[in-house]
Amino acid sequence: PGYPIGPTQPGYMVTETGCVVMSSFESMSATLAPEDWSLHSPPMRERNYPCDPIIFSYFGESFDLNQTGPAPFKKHLYLCMLGQALQRKADIESWRSANIWAVLTWQLNEIWPTGGWGSVEYGTPLPGQVMGGRWKPLQHMLKVSSFADVMASCGVARLAVGDAPDDLAVGPALCYLRNDLSRDFAGKVTVVMTHFSTGEQVLLLNSLVKLPAGAGSIGWFCALLPQAGGPPGHRAVETSILSTSPPRCPTFQNILQRAGCANGTECILKVTVSGVDGKPLAENYLPLVAPKHFKLEPASVSAKVSEDGDRVFVELSSNAVALYVWLSTRSQGRFEKNAFILLPGQAVRSEFIAFVARVSAAELQASLRVEHLGMYLPQYSGVEPDAESAIMWM
């Protein structure tokens, strides 16, 4: 960070970068015999590249990827897709802090249910597939943060070659706001730290911001103002806090301590960009350690499917923080919101957007699955929760 940014400055394009990923259980299982429902089954040797490094890097090496059956296959496919999303998200948001003129990902859609690079699944009229392709977690994260026209992210201010090897964020908590629209932007940026143990949200920053028209219009800010006094985020900053060059910022350890977190194993950072009307334009959850280090409480997630005229919704709630909640179904369509975070006492409603004929609530619920990260991370007792009984239907 800190190099000149804008259309008049020397820049470059990042092209054909990707991360290996499988598809959902719905897509993959339909083309495999049940005895081959495993990442390491013989047919998977013909399905291009494995997920093993992604799963082990992000979620730990305790997983037995030789396991066969519906439960382990669902678990490993979920972790594979989430790992791809987190890896791509980190790279893309790092690149957008520099003078990147374009980012072309490899690839958009899979060409069959395989170990490929797509953010959208195979989309032809065959068993287990959705016409046009199901969205994977990466596609949803691109929409809500990484590829948003106006977005903000925070990270470590340094140059790195390839994927950073560190498991936790250290150094100054530097953030940027980027506007790639062809018009001026005015709105607000908020930075919140959420505690895994309670769902408590600590407001670190709440500030008005302005940027001129893009492309490549960027401003720098700190996740917590260096001179902030009193409780974190105790009042809105009425003038734009953006600077044209990276400021000197408190460290990640500073902001974790201010928020009452021992380290990144206990909390996650969220940066939201809103317009003048208060409507969120980008919502960005930023892990401060690799997810394998998260200290999560057991979460009981409840789901309710309902209809409102011709529209179908899934309403979800949880008694504890549930990370990267994932909805999947055999119905033809996608969910408006997916791969999101549930806080205790705060329900989230996601509309099912049908791709073809109308889908009823009964049809959607018949094949609906709900997963979240806490179902699959090994517990400290060494016992993993029963994924099949972790969701309550209402």
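User: Which element gives the most to the lining of the second largest pocket?

Analyst: On a 1 Å grid over the protein atoms alone, a pocket is an open set of points with protein on both sides within 12 Å along at least five of seven lines, a cavity is a set where a 1.4 Å probe fits but cannot get out, and lining residues have an atom within 4 Å of a point. Helices (H or I, at least four residues) and strands (E, at least two) are DSSP runs, numbered from the N terminus. Here strand S9 (280-286) gives the most, with six residues. Helix H3 (70-95), helix H4 (137-146) and strand S14 (340-342) are also among the elements that each supply at least two. This is a predicted model, in which local features need pLDDT of at least 70 and side-chain atom pairs count only at pLDDT 80 or more, while totals for chains, interfaces and linings use all residues. Residues are numbered from 1 along each chain as its sequence is written, and side-chain values use heavy atoms, with hydrogens and water left out.

User: What is the volume of the second largest pocket, and which residues are the closest to its centre?

Analyst: A volume is the space filled by probe spheres set on the grid points, which are joined across faces, edges and corners. For this pocket it is about 790 Å³. Of its 28 lining residues, Val 144, Glu 283, Tyr 285, Lys 337 and Phe 340 are the closest to the centre.

User: Which residues lie nearest the centre of the largest cavity?

Analyst: The largest cavity holds about 100 Å³ of space. Among its 15 lining residues, Arg 134, Trp 135, Leu 327, Phe 335 and Asn 338 lie nearest the centre. Strands S12 (322-328) and S13 (333-335) each give two or more residues to this lining.

User: How many aromatic pairs does the structure hold, and how is a pair described?

Analyst: A pair of aromatic rings is described by the distance of the centres and the angle of the planes. Rings of Phe, Tyr and Trp (its six-membered ring) pair if their centres lie within 6.5 Å; planes under 30 degrees apart count as stacked, over 60 as edge-to-face and the rest as tilted. The whole structure has eight such pairs. Tyr 176 and Trp 220 are edge-to-face because their centres are 6.1 Å apart and their planes lie at 65 degrees. This pair links strand S4 (residues 173-179) with strand S7 (residues 217-222), the two residues being 44 apart.

User: Are Tyr 176 and Trp 220 buried or exposed?

Analyst: Buried means under 20% relative accessible area, exposed over 50%, and partly exposed in between (1.4 Å probe, protein chains only). Tyr 176 is buried at 4%, and Trp 220 is buried at 3%.
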